[in-house]
Amino acid sequence: MSIAHVIGVDPGLVHTGCVSMLFDETHRTVTVRHEVVDGPDVDTVQAWIDSISNQRAHIFIEKYVPRQRLNTDERMVKAEAAFLMGLRGCKMIRNTGSRQTVKPELMQLLGVWQFSTPTHHQDLRSAARIALFGMMKDPPLNAWLADIVRDTLDGNTWRVDAR
């Protein structure tokens with residue numbers, strides 16, 4: 001596999017953060033794209049995914065965990081169900097342990113630590129983190145990350161194209 005496409009989605013009632021990372025081994029590049037969608041709008045997220053690449057993508061969505069019967073719980077549970085049905089082949093990932101596992105240095109290396117578009121709660125950073133966390137849990141995708149880090153440590157840094 002010379003190309004891997006990974007997308008992270010952080011659904012939210014105010015903003016849904018979407019981050020795409022296209023890893024091209026042949027050209028040693030990581031192409032990063034992002035989008036902020038108002039609310040949990042699955043159709044708009046799918047349209048954005050369709051517009052950025054014709055590559056099959058591994059889509060990781062941050063799983064919502066209800067907390068203490070907040071008034072947002074029911075809306076987020078419905079939004080999560082809509083994402084599961086609306087985004088083809090997506091996987092829900094709990095974010096438990098993601099901050100300890102996906103280090104800022106890795107996110108900086110891949111150009112997904114800072115974004116030019118402001119969001120309600122760092123939704124783009126969360127989307128990128130859940131994408132990387134999902135990659136770490138998937139052996140072939142984890143190998144991609146390991147290769148990029150190893151190359152960087154060996155002085156062969158991949159080029160990041162973040163727009």
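This is a predicted model: local features need pLDDT of at least 70, side-chain atom pairs count only at pLDDT 80 or more; totals for chains, interfaces and linings use all residues.

Residues are numbered from 1 along each chain as its sequence is written, and side-chain values use heavy atoms, with hydrogens and water left out.

**Exercise 1. Work out the strand order of the open sheet of 6 strands.**

Step 1: Colour the strands (E in DSSP, runs of at least two residues, numbered from the N terminus). Two strands pair if DSSP finds at least two bridges between them.

Step 2: Reading across gives β5-β4-β1-β2-β3-β6, with mixed pairing.

Step 3: Within β4, Ile-61 is the bridge partner of Val-9.

**Exercise 2. Find which strands helix α1 (residues 42-52) lies across.**

Step 1: Helices are DSSP runs of H or I with at least four residues.

Step 2: Helix α1 lies across β1, β2, β3 and β4, at about 20 degrees to β2. Such angles run from 0 to 180 degrees between N-to-C directions, with axes fitted to C-alpha atoms, for helices over the stretch in contact (heavy atoms within 4.5 Å).

Step 3: Now turn to helix α2 (residues 73-86), which packs on the sheet and touches β1, β2, β4 and β5.

**Exercise 3. Identify the residues that touch the most other members of the largest nonpolar core.**

Step 1: Such a core is a set of buried Ala, Val, Leu, Ile, Met, Phe, Trp, Tyr and Cys residues joined through side-chain atoms within 4.5 Å. Buried means under 20% relative accessible area, with a 1.4 Å probe and protein chains only.

Step 2: Among the 30 residues, the answer is Val-19, Met-21, Phe-23, Leu-110, Val-112 and Leu-132. The largest share, 8 residues, comes from α5.

Step 3: Select Leu-110: not counting residues up to four places away in sequence, its contacts include Phe-23, Val-32, Leu-132 and Leu-145.

**Exercise 4. Decide whether Ser-98 is buried or exposed.**

Step 1: Locate Ser-98 in helix α3 (residues 98-101).

Step 2: Ser-98 counts as buried because its relative accessibility is 5%.

Step 3: Look for its contacts: leaving aside neighbours within four places in sequence, Ser-98 meets Arg-129 and Phe-133.

How values were computed:
Buried means under 20% relative accessible area, exposed over 50%, partly exposed in between (1.4 Å probe, protein chains only).
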